[in-house]
Amino acid sequence: QVQVAESGGGLVQPGGSLRLSCAVSGSVFRIQTMGWYRQAPGPERVLVADITSGGSANYADSVKGRFTISRDNDKNTVYLQMNSLKPEDTAVYYCKAGLKIVGNTGVHSYWGQGTQVTVSS
């Protein structure tokens with residue numbers, strides 16, 4: 001089975017930092033674009049940042065200059081370094097991985113279970 005697991009969330013004060021990790025495991029042939037999304041209380045889940053297999057990154061305007069996405073292909077892991085956190089960053093953060101599964105054709109998206117980030121004084 002394939003697993004996408006986030007970790008690193010928690011409670012921090014405004015201006016603080018957190019680093020989120022997302023590890024992919026299982027019968028994965030290749031990992032393509034990976035991204036971080038977040039969902040505040042409500043139905044909308046929005047893109048925070050994503051990164052291609054070649055390392056090209058894209059960021060939402062709201063986090064540019066504060067967040068950095070990176071990946072370690074040897075470890076099948078993507079990271080989100082979050083600095084200068086603001087209360088409006090509070091949300092559940094989800095990892096999305098584009099995966100090619102052994103024995104299947106095409107690339108499909110898989111989601112992690114999410115990790116809570118709370119920024120509050």
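Is Asp 89 buried or exposed? Asp 89 is buried, at a relative accessible area of 0%. Buried means under 20% relative accessible area, exposed means over 50%, and partly exposed lies in between (1.4 Å probe, protein chains only).

This is a predicted model, in which local features need pLDDT of at least 70, side-chain atom pairs count only at pLDDT 80 or more, and totals for chains, interfaces and linings use all residues. Residues are numbered from 1 along each chain as its sequence is written, and side-chain values use heavy atoms, with hydrogens and water left out.

**Asp 89 and its surroundings**

- Asp 89 sits in the loop between strand S8 (77-82) and strand S9 (91-101). Strands (E, at least two residues) are DSSP runs, numbered from the N terminus.
- Leaving aside residues up to four places away in sequence, Asp 89 touches Arg 38, Arg 66, Phe 67, Ser 84, Val 117 and Val 119. Contact means heavy atoms within 4.5 Å.

**Salt bridges**

- Side chains of opposite charge can pair when their charged atoms come close.
- A salt bridge is a side-chain nitrogen of Lys or Arg within 4 Å of a carboxyl oxygen of Asp or Glu. By this rule there are three salt bridges.
- One of them joins Asp 89 and Arg 38, at 3.0 Å from N to O. This pair links distant parts of the chain: Arg 38 is in strand S4 (residues 28-39), 51 residues from Asp 89. Both Asp 89 and Arg 38 are buried.
- Asp 89 also meets Arg 66 in a salt bridge, at 2.8 Å from N to O. Arg 66 lies in the loop between strand S6 (57-59) and strand S7 (67-72), so the pair ties together parts that are 23 residues apart in sequence. Arg 66 is buried, with a relative accessible area of 10%.
- Salt bridges that share partners join Arg 38, Arg 66 and Asp 89 into one network.
- Asp 61 and Lys 64 form a salt bridge at 3.1 Å, N to O. Here Asp 61 is exposed, at 65% relative accessible area, while Lys 64 is partly exposed, at 49%.

**Disulfide**

- A disulfide is a covalent bond between the sulfur atoms of two cysteines. The cut-off is a pair of cysteine sulfur atoms within 2.5 Å.
- The structure has one disulfide. Cys 22 and Cys 95 form it, with their sulfur atoms 2.1 Å apart.
- This pair links distant parts of the chain: Cys 22 is in strand S3 (residues 18-25) and Cys 95 in strand S9, 73 residues apart.
- The link of Cys 22 and Cys 95 is left-handed, with -85° about the S-S bond.
- Cys 22 is buried at 0% relative accessibility. Cys 95 is buried at 0% too.

Conventions: Helix = DSSP H or I, 4+ residues; strand = E, 2+ residues; numbered from the N terminus.
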